[in-house]
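I opened my notebook next to the viewer and jotted down what I looked up.

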Amino acid sequence: MAMTLAEKMLADRSSLARVHHGEIVETPVDLVMGNDITAPIAIREFEAAGATRVFDAERVALVMSHFVPAKDINSADQTQIMRRFAREQAIKHYYPEGTGGIEHTLLPERGIVVPGDIVIGADSHTCTYGGLGAFATGVGSTDLAYAMATGRTWFKVPESMRFTYYGKRRAYVTGKDLILHTIRLIGDDGALYRAMEFTGEVISDLPMEDRLTMSNMTIEAGGKVGICATDDLTLRYEEGRAQRPWRVYQADPGATYVEEYEIDVSQLEPQVAFPSLPSLTRGISDVGDVTIDQVFIGSCTNGRLSDLRTAAAILRGKKVHPETRLIVIPATQDVYKAALREGLIEVFVEAGASVSTSTCGPCLGGHMGVLGKGERCLSTSNRNYVGRMGDREAEVFLAGPAVAAATAVRGRITDPREFSPHEEAV
Amino acid sequence: MARAWKYGDNVDTDVIIPARYLVTGDPVALGKHCLENLDPEFLEKKSQGDVIVGGRNFGCGSSREHAPIAIKGAGVPCVIAESFARIFFRNAINIGLRVYESPAAAKGIQMGDEVEVDEGQAAIFNRTRGERYEIIPLSPFVQEIVASGGLMAKLRKELAEGAAP
Ligand code: SF4
């Protein structure tokens, strides 16, 4: 019986010949991850249940990225729980502030997650690693505590949806635009409990960073996992990076999908999601005149080196609009270092941007750029829910880094093609 | 009798408990801000035991377990919805917040209705409107987690049996 990518991975790792959607399987995990918001609760539960050692100190990642450097006394106290636990358990992949960055950018970048892995993380954007061909999904703190103790978790085998993208991408159309467009097509719960498989000639051609961006926003459509099958491009990315052997899975021909979409990208423009749902997405030509108080370039969705390069190419030699502020946060320490070496940070600072150490910061309304009443932000992150970045009467628009940079210069949502009228694919 | 606080589709974790309050895991402290971004009246007027009713995709967004904890901490014993976002659903089961999937109830119940859940009959009764709605049953595996008192109770048992390191 032919199986989808998600079914293949779960069957193989649960030592079953085949699995059906709806079935519950217990599966060993290759890696479990917690952050500074979710791990402290998990650690307390782990200890309260009487567990003493993590199942494998090399397969637990503890990453501080949300409220660090500590935004207030309470968050400082929370991080102490994690710092102590990481020390006591000799956690190998422990990244306090200044050493790592945002978990979902960090773990693929350092080869801590690899293709074919089964990963759970106490953070909803754990699905990002699907871009490498991993089965990775977000859970809460209690599931993390259980998996830290046992090295196992349970999954309900999801139904799969297949998205095939074809055509030639136009200038400034990136993974972010593909996924926003997809969420607009299927809705904010269009993939609820399901696996999304991204495939087709556009995906084969899509740089790894863009694949990770697409998989990252699987959860904004309610999906459990969003997977791009591992291919040569993935394996090239893994060279010199992977810290463990990987496994390559392919969907079987003739596997059953609950829904299939064929998406022609050749007419797709850069996309913008309007407040306050990711599905409220439009092409940039339909945006109209929207002034913006704050632009944020960063997050686990679009805070990678390629995103900063795109933004810097537009901002070079220009100034941020006097009535707009720009915040740029490299997603990881390695992105930060590379951006320094390439002179990108200088471009941002010269343009009048606030640039900071790697943190989630404004993405979740935590710190470093919280919005006040009635303010409007254009953000390269993944969520624009009510109150996500601050006051409940603030508005958040989502877009890719090119739209963000163009918007910062003009002070209103701007089509980046105004800065370079060429229509060739990038 | 429990009153219903009725909301629409896509009630997300950022309105259930905004990220700025995620600096504690304490249910009472979190409960003080439950739904404040969605309906400030909820916090003023709710009574212990009131229930929350949502539409589709209740609890979408982040994996913060603080969301079901905040609901529990606000004195709400259960949430009824047409459908739940996956991580929220799993978290609720794990920490012992009752969650009932019932499209009929999500449609029939209106703000302020008096409702009663009867788990034995797998039904929700709307006393205001004299209606009865079916609850979609949980899978046996999930029922077992609920019955054993949440996932940590299962872990304790496994540790005692030497099944986990
Ligand atoms: S950048 Fe935003 S979405 Fe990503 S992990 Fe941090 S808070 Fe979550």
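The entries below go through the interface, helix packing, salt bridges and a few backbone details.

**Ground rules**

I am working with a predicted model, in which local features need pLDDT of at least 70 and side-chain atom pairs count only at pLDDT 80 or more, while totals for chains, interfaces and linings use all residues. Residues are numbered from 1 along each chain as its sequence is written, chains are lettered from A and ligands numbered from 1 in the order in which they are written, and side-chain values use heavy atoms, with hydrogens and water left out.

**Entry 1: the interface**

I began with where the two chains meet. I found 51 residues of chain A in contact with 49 residues of chain B (contact means heavy atoms within 4.5 Å). The buried area between chain A and chain B comes to about 4100 Å², and carbon and sulfur atoms give 57% of it. Buried area here is the accessible area (1.4 Å probe) that two parts lose on being put together, summed over both. Which residues of chain A lose the most area to chain B? They are Tyr146(A), Trp154(A) and Tyr193(A), together 16% of what that side buries.

I then looked for salt bridges (a side-chain nitrogen of Lys or Arg within 4 Å of a carboxyl oxygen of Asp or Glu). The rule finds four across the interface of chain A and chain B. I noted that Arg152(A) forms a salt bridge with Glu158(B), with the closest N and O atoms 3.4 Å apart.

**Entry 2: a helix pair across the interface**

Next I checked helix packing, taking helices (H or I, at least four residues) and strands (E, at least two) as DSSP runs, numbered from the N terminus. The axes of helix H5 (residues 141-150) of chain A and helix H8 (residues 151-160) of chain B come within 9 Å and cross at roughly 15 degrees. Axes are lines fitted to C-alpha atoms, for helices over the stretch in contact, and angles run from 0 to 180 degrees between N-to-C directions. H5(A) and H8(B) are therefore roughly parallel to each other; angles under 35 degrees count as roughly parallel, over 145 as roughly antiparallel, 65 to 115 as roughly perpendicular and the rest as oblique.

On the H5(A) side, I listed Thr142(A), Asp143(A), Ala145(A), Tyr146(A), Ala149(A) and Thr150(A) as making the contact. On the H8(B) side, Leu151(B), Met152(B), Lys154(B), Leu155(B) and Glu158(B) take part. By class, I noted six nonpolar, two polar and three charged residues in the contact of H5(A) with H8(B). For the classes, Ala, Val, Leu, Ile, Met, Phe, Trp, Tyr, Cys and Pro count as nonpolar, Asp, Glu, Lys and Arg as charged, and the others, Gly among them, as polar.

**Entry 3: helix pairs within a chain**

I followed H5(A) to helix H2 (residues 39-48) of chain A, where the axes come within 8 Å and cross at roughly 55 degrees. H2(A) and H5(A) are therefore oblique to each other. Residues of H2(A) in this contact include Ile41(A), Ile43(A) and Phe46(A), and those of H5(A) include Leu144(A) and Met148(A). The contact of H2(A) with H5(A) has nine nonpolar, two polar and one charged residues.

**Entry 4: salt bridges overall**

I get a count of 39 salt bridges over all chains. In one of them, the side chains of Asp30(A) and Arg13(A) meet at 2.7 Å, N to O. Asp30(A) sits in the loop between strand S1 (24-28) and strand S2 (31-35) of chain A, and Arg13(A) lies in helix H1 (residues 5-13) of chain A, 17 residues apart.

**Entry 5: backbone details**

Most residues other than glycine have a negative phi, and most peptide bonds are trans. I noted these cases:

- The peptide bond from Val68(A) to Pro69(A) is cis, with omega near -15 degrees; Pro69(A) is in the loop between strand S3 (60-63) and helix H3 (73-88) of chain A.
- Pro275(A) and Ser276(A) are joined by a cis peptide bond, with omega about 0 degrees; Ser276(A) is in the loop between strand S12 (271-273) and strand S13 (281-283) of chain A.
- Ser15(A) has a positive phi, near 55 degrees, and is found in the loop between H1 and S1 of chain A.
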